[in-house]
Amino acid sequence: MTPSRDIAALLDIMAKLRTPVTGCPWDLEQNFATIAPYTIEEAYEVADAIGRGDLDDLREELGDLLLQVVFHARMAEEQNAFAFGEVVEAITRKMIRRHPHVFGDENDKLTAEDVKGNWDRIKAEEKAERAARRPPEEATHKSLLSGVKAGQPALTRALALQRKASTVGFDWNDPRAVLKKIREEADEIEAALERKDASELESETGDLLFAVVNLARHVGADPDMALRASNAKFERRFAYIERALEQRGRSLEDATLDEMDALWNDAKRSETEPSSEPRQRVRA
């Protein structure tokens, strides 16, 4: 086989990988549950490429993400549930329906806010239609939070839950009140540490993370992007420690915590001080 721009070639490759006996042993062992983590990982890789502004990587990562869609569709087809073509048909139908101002008879000039309002209204109609098609025994209590997708990463879902609850006024009025809540949660963790209860510590740590997401929302920061930036900062400063130790002929294993901490502070100062000014030894 040769590389191709035709989606049919990718579908054919996946079909061959999943063909019993002649296919790939690893691919044949997979199912929806085992592939799902890779799907999430590839979506994060796409976001990472976007964050770095690397369009070459973005092209590659979008291909990896597309492969995940093809993989899931192939497994569904093997179970006679649906095929890739039906996935494409479903999303094209949805996009046409949700953009009547583009594909329908509505020719009015709409603002971006108008379009979002139409999108939310049509999406709600589609959700009601799906619910009506379900068997009666599947009917459950409809909470305000029911519409928040359960498959999202925990950080993203926490933000979505908080936003939904805030629509009915269940929210903090001041970021400082959220900060106070964070301090309370930290105190509860400290108390749990005294009791050495692993289950309680996990629960209290989750409460603290939820409160921090709430603070990010109130100060207008995206918690996922903020954490990504902090991850990059940590990697950058840790690399500084590694380079500094290497220049001294030392390894991480040989260095003391105090020595690494001092180098960390050096890295921190080098990022905050103007490069044109002489370095000042200050406490940070």
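# Reading burial, fold and charge in a predicted model

Me: How many of the residues of the protein count as buried?
Reply: Of the 284 residues in the protein, 21% count as buried, and this value, like the others in our discussion, is computed from a predicted model. The cut-off behind the word is a relative accessible area under 20%.

Me: Which elements make up the protein, and how many are there?
Reply: One begins with the inventory of secondary structure and then asks about overall form. Here the protein has twelve helices and zero strands, so that from the N terminus on the elements read α-α-α-α-α-α-α-α-α-α-α-α. The protein is more spread out than a compact globule, because its radius of gyration is 25 Å, well over the 19 Å that the globule rule gives for 284 residues. Along its principal axes, the C-alpha trace spans about 65 × 55 × 50 Å.

Me: How many salt bridges does a search of the whole structure find, and how far apart are the closest N and O atoms of R52 and D48?
Reply: The general idea is that a side-chain nitrogen of Lys or Arg must come within 4 Å of a carboxyl oxygen of Asp or Glu. By that reading, the search of the whole structure finds 26 salt bridges. In the one between R52 and D48, the closest N and O atoms are 2.8 Å apart. These two residues are four apart in helix α3 (residues 32–52), which means that about one helical turn separates them. R52 is partly exposed at a relative accessible area of 44%, and D48 is partly exposed as well, at 30%.

Me: Where do K116 and D120 lie, and is K116 buried or exposed?
Reply: Both K116 and D120 belong to helix α7 (residues 112–133), where they stand four residues apart, about one turn of the helix, and their side chains meet in a salt bridge with an N to O distance of 3.0 Å. K116 is exposed, with a relative accessible area of 52%, whereas D120 counts as partly exposed at 37% relative accessibility.

Me: What does the pair E271 and R236 tie together?
Reply: Here one asks which element holds each partner. E271 and R236 form a salt bridge whose closest N and O atoms are 2.7 Å apart. Since E271 lies in helix α12 (residues 257–272) and R236 in helix α11 (residues 223–247), the pair ties together parts that are 35 residues apart in sequence. E271 counts as partly exposed at 33% relative accessibility, and R236 is partly exposed with a relative accessible area of 43%. Salt bridges can also share partners, and in this way R18, R74, E77 and E78 are joined into one network.

Me: Which residues gather in the patch of positive charge on the surface, and which gather in the negative one?
Reply: A patch is read from residues that have over 30% relative accessible area and no salt bridge, with like charges joined within 9 Å. The positive patch on the surface gathers K123, K127, R130, R133, R134, K142, K149 and K164, and its largest share, four residues, comes from α7. R134, for its part, lies in the loop between α7 and α8 (154–166) and counts as partly exposed at 40% relative accessibility. The negative patch on the surface gathers D187, E188, E190, E194 and D207; its largest share, four residues, comes from helix α9 (residues 175–195), the helix in which E190 lies.

Terms used. Residues are numbered from 1 along each chain as its sequence is written. This is a predicted model: local features need pLDDT of at least 70, side-chain atom pairs count only at pLDDT 80 or more; totals for chains, interfaces and linings use all residues. Side-chain values use heavy atoms; hydrogens and water are left out. Patches are made of residues with over 30% relative accessible area and no salt bridge: like charges are joined within 9 Å, nonpolar side chains (Val, Leu, Ile, Met, Phe, Trp, Tyr) within 5 Å. Accessible areas come from the Shrake-Rupley method with a 1.4 Å probe; for residues, only the protein chains shown count as cover. Lys and Arg count as positive and Asp and Glu as negative; His and the chain ends are not counted. The place of a charge is taken as NZ of Lys, CZ of Arg, CG of Asp or CD of Glu. The radius of gyration is taken over C-alpha atoms; the globule rule is 2.2 Å times the number of residues to the power 0.38. Buried means under 20% relative accessible area, exposed over 50%, partly exposed in between (1.4 Å probe, protein chains only).
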